[in-house]
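Open the model in your viewer and keep the selection panel at hand. The tour begins with a sheet and then moves out to the domains.

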Amino acid sequence: MSTAPTNAVVVVREAMKAVWWIKRDFRIYDNHCLWDACKKGNLVIPFFCWEKSVLNEGDYSSFHLQAQWEALLGLTTNLQNRGVATRVVIGEIVEQLELLFSKMPFDQLYSHQETGNLLTFKRDRAVQRWCDKVGVDWIEKNPSSVIRGGSAHQRRLRLKIADFRKQAPLEIPELRKLQPLPVEIIEKGPDWEKLTSIFPKFRGFSYNSNLSKIDESSALKTLDSFLNDRGIEYSGGISSPNAAFKNGSRLSSHLAWGTMSLCSVFNQLDKRREELLDSEDRGKWNRSLRAFESRLFWRDHFIQRLESFPEMEEKSLNSAYADLKYEDDPDKLQAWIKGETGYPMVDACMRCLAHTGFLNFRMRAMVVSFACYGLHLSWKTIHQPLAQMFHDYEPGIHLSQLQMQAGVVGFNAIRVYSPTKQFLDHDPEGRFVKRWIPELEKRTSAEIANAEKSIIDGYSPILVDLKSRAKEMKSRIFEIRKSVGGKIITDKVLKKHGSRKPLKKRKGVVENKRQMTLFKTFGSGKT
Ligand SMILES: Cc1cc2nc3c(=O)[nH]c(=O)nc-3n(C[C@H](O)[C@H](O)[C@H](O)COP(=O)(O)OP(=O)(O)OC[C@H]3O[C@@H](n4cnc5c(N)ncnc54)[C@H](O)[C@@H]3O)c2cc1C
């Protein structure tokens, strides 16, 4: 057979250039964008934009700025150590992509599939329009089980085929083989002082050392210490606002900012379970790790809700509750934010949040129930102030939980938490309350427990009578719940957003069994 060269024209493909738009995925391990971009692009440009509109939005706070800044610093240092430079800019994303494109046209834009607030949802649409206009292929990588624009039902069907949360994590790609970035593309981005001085909203904010550190190596340490040590007391431990700081996984901020992937957590959890097979403490560990895993599973379920209903920060999922009457008194809102309601457990939680950005699930549920049922503040009114205080702010979980705890989803149990009961059950010695409310430092536990009924010198008197106010709000909610129209709409909402197919109908209200078990494990019956 002849091997002589033919006259065929050899087409030399131009080198592919890919931009990795870093959003909330500040990691190099198990990063599908980085992995794919490295495999397909000859030149990969890691790119981050401090987006003015996102930072100026009402749900964004200095806690988030610090988390993102640390996460970005950790990532760019990791990349730099492997010979890869990054471009970090300030502005609006479309204008910055345009600028980059004018300096160096690229073929592909990689980013992870983000389910963010309404602003980022609209921003993403603008990015898609820009990509279509200039002919850039935007590839959104999605290692989760959340379906773009899909419903809970579609997600359930997809999970029957494969659980994307349980796929093996991707290794760090061979970054040294990448073509170096041209110098005119590299930008280092501002340091903390410069960054906070650029935005009037953040001027004068100093670095807060009470917040947990957010970068990839801190995420690994947190997971490791949880799975090998702290986690044994998880079951039971996470109900207490004291113990949850140690016995909770404390992974929520890492998962929210993407310094660790959910797949990596599942992967390490499985490995740890194997190691524990011969352990003496196996029973205790198993109980705790089962409880932990069940919470991990809920992440995508709630994020899917926002994905299928992006207007969730403005509208209740269940339109039957759209006109529910709230007082929305700005003074009560301020008292709640500052932790000056006269209810020690509520005030301690709010002050703890303002300092540390963290609170356990039970106490988060309690402060929301107090605001909505006691102060008659709407979930919409408290959404942004509370989001600002959560270091782990994840819009899908946050908005779903807000609406659930406010009782406006329609198919969850109505729960009004008693702050006094929470105090007696979870802080009987008053350690948590005294730590955050110095005015009560010298008071006995009995005095703190009775704060609702008596005036304590130097501490705020109660702002409202919780019992009577809650009764009033509950009756408004039950009126809608029992109405024929309310039931019809709730049925539809459950089909679209419930965690499984409706199992049974009781008194006309469709209940969702699996979802309830999560809450039962946080405490039984009385709240
Ligand atoms: C009103 C309200 C708002 C909330 N807002 C957020 C938020 O913005 N971001 C956030 O991550 N969590 C939120 N949660 C859920 C929960 O309170 C926190 O995830 C948890 O307290 C974080 O502690 P941890 O990291 O030790 O989690 P663990 O208890 O160890 O749980 C492990 C992980 O599972 C996930 N998870 C835990 N509980 C839930 C849940 N109920 N639904 C979905 N996923 C869950 C989180 O990613 C968490 O890190 C909210 C809860 C309430 C009641």
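Select the five strands that form an open sheet; their order is β3-β2-β1-β4-β5, and the pairing is parallel. Strands here are DSSP runs of E with at least two residues, helices are runs of H or I with at least four, and both are numbered from the N terminus. Two strands count as paired if DSSP finds at least two bridges between them.

This is a predicted model: local features need pLDDT of at least 70, side-chain atom pairs count only at pLDDT 80 or more, and totals for chains, interfaces and linings use all residues. Residue numbers start from 1 along each chain as its sequence is written.

Now pick β4 (residues 108-112). Five bridges join β4 to β5, and the two run parallel. Show L109: it stands opposite W138 in β5.

Zoom out and colour by domain: domain 1 (17-202), domain 2 (216-308) and domain 3 (313-522). These bounds come from an automatic or database domain assignment. The centres of domain 1 and domain 2, taken over C-alpha atoms, are separated by 26 Å.

Select the contact between these two. Domain 1 gives 30 residues and domain 2 gives 20 residues; contact means C-beta atoms, placed from the backbone, within 7 Å. On the domain 1 side, α3 (62-81) and α6 (152-161) are the elements that give two or more residues. α3 gives the most, with six residues.
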